[in-house]
Amino acid sequence: GFLLGTPLALALKVPFVMMRKAAKTPGLLYESSPYHKEYAEAKPDTMAIRQDAIHKGARVLLLDDLIATGGTAISGFELIAEVGAEVVEFAAIIGIPFLNGVAKIHEYMD
């Protein structure tokens, strides 16, 4: 989502915070629960944001470029909640219907 998130943040005049795989993110982190992707892997990934990136009470637009299994998006919701911020809007560009990621996100939200 960073290719779309950066210009969107600039247009809205709000900060941009990138959520990345924990292993690729330096610094003190908030880290999500492990999640599985649509392909086999040795171990599940976890997503992370830096602890100084989003503050308690912040209102967040969560943007994902691709919804496959929904794991990355759900990780984002978890991380924002852990910080004490609020996801006020979620958007995605592409969904892969047969992987049921959108349904899993809706289940998580309910």
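Biologist: Is lysine 21 buried, partly exposed or exposed?

Modeller: The classes rest on relative accessible area: under 20% is buried, over 50% is exposed, and what lies in between is partly exposed (1.4 Å probe, protein chains only). Lysine 21 has a relative accessibility of 31% and therefore counts as partly exposed. The model is predicted, so local features need a pLDDT of at least 70 and side-chain atom pairs count only at pLDDT 80 or more, while totals for chains, interfaces and linings use all residues. Residues are numbered from 1 along each chain as its sequence is written, and side-chain values use heavy atoms, with hydrogens and water left out.

Biologist: With which residue does lysine 21 form a salt bridge?

Modeller: A salt bridge requires a side-chain nitrogen of Lys or Arg within 4 Å of a carboxyl oxygen of Asp or Glu. Lysine 21 forms one with aspartate 45, and their closest N and O atoms are 3.6 Å apart. Lysine 21 belongs to strand 1 (residues 20–21) and aspartate 45 to the loop between strand 2 (29–31) and strand 3 (47–50), so the pair ties together parts 24 residues apart in sequence. Helices (H or I, at least four residues) and strands (E, at least two) are DSSP runs, numbered from the N terminus.

Biologist: Is aspartate 45 buried or exposed, and which residues does it contact?

Modeller: Aspartate 45 is buried, with a relative accessible area of 15%. Contact means heavy atoms within 4.5 Å. Apart from neighbours within four places in sequence, aspartate 45 is in contact with Lys21, Ser33, Pro34, Tyr35 and Lys37.

Biologist: How many salt bridges are there by this rule?

Modeller: The count comes to two. Arginine 50 and aspartate 52 form a salt bridge with their closest N and O atoms 3.2 Å apart. Arginine 50 is partly exposed at 35%, and aspartate 52 is partly exposed at 48%.

Biologist: In what order do the three strands of the open sheet lie?

Modeller: Strands of a sheet pair through backbone hydrogen bonds, either parallel or antiparallel. Pairing requires at least two bridges found by DSSP between two strands. Here the order is 1-3-2, with antiparallel pairing. Strand 1 and strand 2 are at the edges with a single partner strand each, so one side of each has no neighbour in the sheet. Strand 2 and strand 3 are joined by three bridges, and leucine 29 stands opposite arginine 50 in strand 3. Helix 2 (residues 71–83) packs on the sheet, where it touches strand 2 and strand 3. The direction of helix 2 makes about 35 degrees with that of strand 3; axes are lines fitted to C-alpha atoms, for helices over the stretch in contact, and angles run from 0 to 180 degrees between N-to-C directions.

Biologist: Where is alanine 68 placed, and what does it touch?

Modeller: Alanine 68 lies in the loop between strand 4 (59–67) and helix 2, and it is buried at 7% relative accessible area. Not counting residues up to four places away in sequence, alanine 68 touches Glu38, Ile96, Leu99, Asn100 and Gly101. The C-alpha atoms of alanine 68 and lysine 37 are separated by 7.5 Å, although these residues are 31 apart along the chain.
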